[in-house]
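Hello,

Here is the structure you asked about. Please open it first and then read the notes below it.

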Amino acid sequence: MFVYRLLFICLASVAVAIAADPTPAPRRTAHKTQATPEDPGITFNSVHVDGPYIAMTFDDGPSETLTPKLLDLLAAHHIKATFFVIGENVAEHPEIVTRAAREGHEIGNHSWSHPNFGKMSDDSVRSQLRRTDDAIRSATGSRPTLMRPPYGSITPREKHWIHDEFGYRVILWDVDPLDWKRPGPPVVRNRILKETQPGSIVLSHDIHPGTIEAMPSTLDALEAKGFKFVTVSELIRMATPKPSHPSPQGGGNPPASATPSPSPSATPMQQPSTTP
Ligand SMILES: [Zn+2]
């Protein structure tokens with residue numbers, strides 16, 4: 001009995017201590033999302049999702065010969081991908097971009113001529129993005145909502161004004177097979193297979209023959225592992241908050257969300273994914 005009383009007293013004093021805690025509540029700032037910490041919701045390297053979903057992304061096209069081949073392959077697999085296109089190439093082959101969009105792929109802005117945004121004036125960056133945005137719109141009928149800076153090079157300040165002015169999310173990647181070095185199809189495939197996990201954004205380029213050669217076996221192997229393919233915007237829409245700690249049983253800090261969970265079973269995000 002004494003033990004129970006003691007326990008009660010302990011719990012009561014903890015409760016009082018919590019109630020009296022004068023700390024102002026800015027736990028929100030510690031809340032981690034799938035985005036990079038300095039700009040949640042704007043920049044994505046990968047996305048925290050519940051299921052085996054990934055986004056394949058192809059940069060620097062369209063290529064007159066390789067992109068149509070890739071589109072045929074994606075269609076045969078019923079896979080939707082995301083293309084970060086170069087404005088100059090869109091102007092040269094708008095029909096390929098029109099086809100990609102018509103077949104359900106997403107088109108993102110990858111600049112007009114592939115310069116390094118990190119070393120440019122705002123006006124030059126703006127012009128690169130504006131011209132490409134216009135070219136995509138005229139090829140597909142709608143404006144892109146995603147942007148990937150060439151080389152992944154962009155300053156934090158640029159991210160913010162570009163997001164404010166164009167409404168773009170800045171999409172980077174977490175899987176990079178370095179296919180632009182043309183290491184050969186087996187290496188491209190193996191690197192992608194090794195690094196890809198649920199929520200991954202996979203970078204590659206539809207202007208290198210070896211990348212396109214690698215894709216049939218890469219897609220087969222990813223499918224065999226249980227991965228499902230969505231566009232980057234679809235992947236972002238599937239985002240779930242990261243658990244703040246591994247154990248669903250609690251203790252520790254509550255999630256930053258102000259709404260308490262009604263019951264433990266109402267947090268499906270805790271379930272482990274079925275994929276490797
Ligand atoms: Zn590029």
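Predicted model: local features only at pLDDT ≥ 70, side-chain atom pairs only at ≥ 80, totals over all residues.

Two residues are in contact if their C-beta atoms, placed from the backbone, lie within 7 Å. The buried residues of H8 pack against helix H2 (66–77), helix H7 (185–195) and strand E7. These buried residues are Gly 210, Thr 211, Ile 212, Ala 214, Met 215, Thr 218, Leu 219 and Leu 222.

H8 covers residues 209–224, which makes 16 residues. From its first C-alpha to its last it reaches 24 Å, close to the 22 Å expected at 1.5 Å a residue. The helix has a kink of about 40 degrees at Met 215, shortly before the proline Pro 216. Just after H8, Gly 226 has a positive phi of about 100 degrees.

Next, strand E7. It is largely enclosed by the rest of the structure, because 5 of its 5 residues (201–205) are buried. Ile 201, Leu 203 and His 205 are buried on one side, and Val 202 and Ser 204 on the other, so both faces are covered. E7 runs parallel to strand E2 (residues 53–59), and 5 bridges join the two.

Finally, the core. The largest nonpolar core has 54 residues, and Val 202 is among those with the most contacts inside it, together with Ala 55, Val 85 and Val 97. Leaving out residues up to four places away in sequence, Val 202 touches Ile 54, Ala 55, Met 56, Thr 57, Trp 173, Val 175, Ile 192 and Thr 196.

Regards

Definitions and conventions
Residues numbered from 1 in each chain as written. Buried ≥ 20, exposed ≤ 12 C-beta atoms within 10 Å, placed from the backbone. Helix = DSSP H or I, 4+ residues; strand = E, 2+ residues; numbered from the N terminus. Pairing = 2+ DSSP bridges. Expected span 1.5 Å × (residues − 1). Bend = angle between axes of the 7 residues up to and from the residue. Core = buried A, V, L, I, M, F, W, Y, C linked by C-beta atoms within 7 Å.
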